[in-house]
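Biologist: I have a few questions about this one. Can we go through them in turn?
Modeller: Go ahead.

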Amino acid sequence: MSTQPTPVDPPDLPRSPAFAQGMVAPAGPTLYVGGQNGTDSSGALLEGLGPQTEQALRNVLAVLAEAGTDRDHVAKLTIHLAPGIDPTAAYAATGSVWGNVRTAVSVLAVAPARPGALVEIEAVATLPQG
């Protein structure tokens, strides 16, 4: 039995190549990745939306790897953008790091807690069993 979440895309809803309308995640251990900002390993915040988004995703991937899982097991991403940030600009920065892995996604306009942060990304992932 696969531990990867399975996309749910009802035929009467629009289909996106970037995200799924829903995900069915198999029962078992689950990893909740706390909000990741665009900070490097020294804690320095990168400049600009593109670099911050890419780094936040790399940070999510690092937490996934440390827990023994990867982007293919992510059921949900929640992306918090600073007010006034165009979500399409943030989306454009995801391809080089996240690739074409579809997952359920919510995008919210809220001020990240860290001053200067333009984006914060959370994830929920299944853990491979065995």
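**Loops, sheet and core**

Modeller: Let us start with Pro10, which is found in the loop between β1 and β2. Keep in mind that this is a predicted model.

Biologist: Is Pro10 buried, exposed or partly exposed?
Modeller: Pro10 has a relative accessibility of 28%, so it counts as partly exposed.

Biologist: How far apart are Pro10 and Ser96 in space?
Modeller: From C-alpha to C-alpha they are 28 Å apart, and 86 residues separate them in sequence.

Biologist: Moving on to charges. How many salt bridges does the structure hold?
Modeller: The structure holds one. Asp9 pairs with Arg102, and their closest N and O atoms are 2.8 Å apart.

Biologist: Where in the chain do Asp9 and Arg102 sit?
Modeller: In distant parts of the chain, 93 residues apart. Asp9 is in the loop between β1 (6-8) and β2 (19-20), while Arg102 is in the loop between α3 (95-98) and β6 (103-109).

Biologist: And why can two side chains pair like that?
Modeller: Side chains of opposite charge can pair when their charged atoms come close.

Biologist: Buried or partly exposed: which is Asp9, and which is Arg102?
Modeller: Asp9 is at 25% relative accessibility, so it counts as partly exposed. Arg102 is at 17%, which means it counts as buried. The cut-off for buried is under 20%.

Biologist: New topic, the sheet. What is the order of its strands?
Modeller: The five strands run β2-β6-β5-β7-β4 in an open sheet with mixed pairing. β2 and β4 (30-36) are the edge strands, each pairing on one side only.

Biologist: In what sense do β2 and β6 pair?
Modeller: In the parallel sense, over two bridges. Ala20 stands opposite Ala104 in β6.

Biologist: What about β5, is it enclosed or open?
Modeller: Strand β5 (residues 74-81) is largely enclosed by the rest of the structure, because seven of its eight residues are buried.

Biologist: Which way does β5 run against β7, and which way against β6?
Modeller: β5 and β7 (residues 119-126) run antiparallel and are joined by seven bridges. With β6, β5 pairs in the parallel sense over six bridges.

Biologist: Which residues stand opposite Thr78?
Modeller: In β7, Thr78 faces Glu122. In β6, its bridge partner is Ser106.

Biologist: Now the core. How many residues has the largest nonpolar core?
Modeller: That core has 21 residues. Those with the most contacts inside it are Val60, Leu64, Val74, Trp98 and Ile121.

Biologist: Which elements give two or more residues to this core?
Modeller: They are β4, α1 (49-66), β5, α3 and β7. The most comes from α1, with six residues.

Biologist: What is Ile121 in contact with?
Modeller: Leaving aside neighbours within four places in sequence, its contacts include Gly34, Thr53, Val60, Leu77 and Thr78.

Biologist: Last one, Asn37. Where is Asn37 found?
Modeller: In the loop between β4 and α1. Asn37 has a relative accessible area of 14%, so it is buried.

Biologist: Which side chain makes a polar contact with the side chain of Asn37?
Modeller: That of Glu120, at 3.4 Å. Leaving aside neighbours within four places in sequence, Asn37 is also in contact with residues including Gln55, Asn59, Pro112 and Arg114.

Conventions
Residues numbered from 1 in each chain as written. Predicted model: local features only at pLDDT ≥ 70, side-chain atom pairs only at ≥ 80, totals over all residues. Heavy atoms only, no water. Salt bridge = Lys/Arg side-chain N within 4 Å of Asp/Glu carboxyl O. Helix = DSSP H or I, 4+ residues; strand = E, 2+ residues; numbered from the N terminus. Buried < 20%, exposed > 50% of the residue type's maximum accessible area, 1.4 Å probe, protein only. Pairing = 2+ DSSP bridges. Core = buried A, V, L, I, M, F, W, Y, C linked by side-chain atoms within 4.5 Å. Contact = heavy atoms within 4.5 Å. Polar contact = N/O pair within 3.5 Å; in protein donor to acceptor, adjacent residues only side chain to side chain.
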